[in-house]
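User: I have a structure to go through with you. Can you take me over it piece by piece?

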Amino acid sequence: MDDRKLTTGMGEECGVFGAYDMEGGDVASSVYYGLFALQHRGQESCGIAVTDTYGERKVHSRKGLGLVNEVFDEETLDSLKGNLGVGHVRYSTAGGTRAENAMPLVLNYVKGTLSIAHNGNITNAVELRHELEYTGAIFQTTIDSEVIAYHIARERLKTKKVEEAVKSAMKKIEGGYALVISSPRKMIGVRDPFGLKPLCIGKRDHTYFLASESCAIAAVGAEFVRDVAPGEIVSFTKHGEKSDTSMSIAVEKQARCIFEYIYFARTDSKIDDVNVYHARIVAGKALAQSYPVEADLVVGVPDSGLVAAKGYSEQSGIPYGMAFHKNSYVGRTFIKPKQSQRESSVKIKLNVIEEVVKGKRIVMVDDSIVRGTTCANIIKMLKKAGAKEVHVRISSPPFLYPCYFGTDVPSNDQLIAHSHTTEEIREMIGADSLGYMEVGKLKEMVGELGYCDACFTGNYPMKVPGKDVSLAFE
Ligand code: SF4
């Protein structure tokens, strides 16, 4: 079971990680620790593929369903010999839960072997896949990443360098993506032209790293170098880093996923020079300005609600407290209670600290309300523990539209805000008051950065298909 989904109902994206040791040292264990730091981005499956750019250039890979520390042990990591490694943690947004859909994808073609780790969704994947199938391509998986890999492999036959093949493929694929690719001699990082998905570069001695988030760069003891720019293709060889600006296919109006700052990313990460912690503090302050209330204590729902709650407290002057204990050991093997059983998933995951909330008027800050059931359960728990009032503040605007770029926002009929007013939702969840982040204030979180807020506004940064692409291959 997806650990974070337990409290939010939202599925996160995926995490990608890459390592290239220019002096030929093995990188599998660094990739493992990088993925470990990105585990919050996907808990369904994971994988590592390594190659030895100085040796036979054979790819050795291991993938499986489960958490990073369930799929890999020391023996497995020792067997993955090579100085170029690509890793992936997956939450399925396209293609469903199947072992063969675990990434990285490893593809043999005439120029050697290509490994590819992908975060995001390709919105025109169905058309591209049909196009390829009509020209004889046979697909091994049901994930859209294979479409990208095929395109790169095909284009590579016509180009001198793998980067040119990647660029040609990028001109065909649409959607949000961050890719880490290993070709026989190079590690390549790619970010979609809108910058929807994050990707950054780190360095430790003679090893370069690529990661979805800077927290993974820190986890392997590397220095953060910079973010990969939207539309950039950056490659790493034995001569170091190379980015050719003529290869860039960035668009003018960039659209970083604002939900990375609200919820997905780890609090200690920095994306495109904006600190996630800072963005969440700002969100909490904005909520306090928009929806002041007389209360005794501000509390946050772990994890992403905690910092926003601190921001609310700083702005309002109401003391900040810790109302919940979170059980962090809920892994994939967690057995979800059946309807007939009295334990709810939320209660097993979160427990209220009675001493903190008893007799108090509480402001409870969370990152989102999707279906409303989880929020209602948490409020019930607070009131049972003796809270006099519970005022709910949400650090994202109401979810009204699906995401086509790799975030698992449930369909409209399951989104509570799609069919109910804020007042109706307040009543349904049993809150004393309810306030959502105002759409117009989202920009305060990220300053000058261009961002996507389409799941709140319906203003997609590009043409989107008529139906959810994540169901297209099922
Ligand atoms: S639609 Fe929402 S979740 Fe999807 S990329 Fe845009 S802001 Fe992020």
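Analyst: Some ground rules come before the details. Two strands count as paired if DSSP finds at least two bridges between them. Helices (H or I, at least four residues) and strands (E, at least two) are DSSP runs, numbered from the N terminus. The model is predicted: local features need pLDDT of at least 70, side-chain atom pairs count only at pLDDT 80 or more, and totals for chains, interfaces and linings use all residues. Residues are numbered from 1 along each chain as its sequence is written, and side-chain values use heavy atoms, with hydrogens and water left out.

User: Fine. In S22, what is the bridge partner of Arg-393?

Analyst: Gly-435 is the S22 partner of Arg-393. The bridge belongs with the pairing of strand S21 (residues 389–394) and S22, which is parallel and has four bridges.

User: What order do the strands take in that open sheet?

Analyst: S17-S20-S21-S22, four strands with parallel pairing. Strand S17 (297–300) and strand S22 (433–436) each have a single partner strand, so one side of each has no neighbour in the sheet. From one strand to the next the twist averages 20°. Angles run from 0 to 180 degrees between N-to-C directions, and axes are lines fitted to C-alpha atoms, for helices over the stretch in contact.

User: Which helices pack on it?

Analyst: Helix H11 (residues 304–316) packs there, touching S17, strand S20 (361–366) and S21. Contact here means heavy atoms within 4.5 Å. The direction of H11 makes about 160° with that of S17. Helix H14 (residues 373–384) also packs on the sheet, touching S20 and S21, and its direction makes about 150° with that of S21.

User: Where else is a peptide bond cis?

Analyst: The bond from Met-103 to Pro-104 is cis, with omega near 5°. Pro-104 is in the loop between strand S4 (84–90) and S5.

User: And which residue other than glycine has a positive phi?

Analyst: Asp-205 has a phi near 50°. Asp-205 is in the loop between strand S9 (200–204) and strand S10 (207–211).

User: How many bridges join S8 to S12?

Analyst: Four, between strand S8 (residues 187–191) and strand S12 (residues 233–237), which run antiparallel. In S12, Ile-233 is the bridge partner of Val-190.

User: How is the protein divided into domains?

Analyst: Into domain 1 (4–251) and domain 2 (274–445), with bounds from an automatic or database domain assignment. Their centres, taken over C-alpha atoms, are 33 Å apart.

User: Why does the largest cavity lie between them?

Analyst: Because both domain 1 and domain 2 give residues to its lining. A cavity is a set of points on a 1 Å grid over the protein atoms alone where a 1.4 Å probe fits but cannot get out, and lining residues have an atom within 4 Å of a point.

User: Which residues are nearest its centre?

Analyst: Of the 17 lining residues of the largest cavity, Cys-257, Cys-403, Thr-407, Cys-452 and Cys-455 lie nearest its centre. The elements giving two or more residues to the lining are helix H9 (258–264) and helix H18 (454–457). H18 gives the most, with three residues.

Methods. On a 1 Å grid over the protein atoms alone, a cavity is a set of points where a 1.4 Å probe fits but cannot get out, and a pocket is an open set with protein on both sides within 12 Å along at least five of seven lines; lining residues have an atom within 4 Å of a point.
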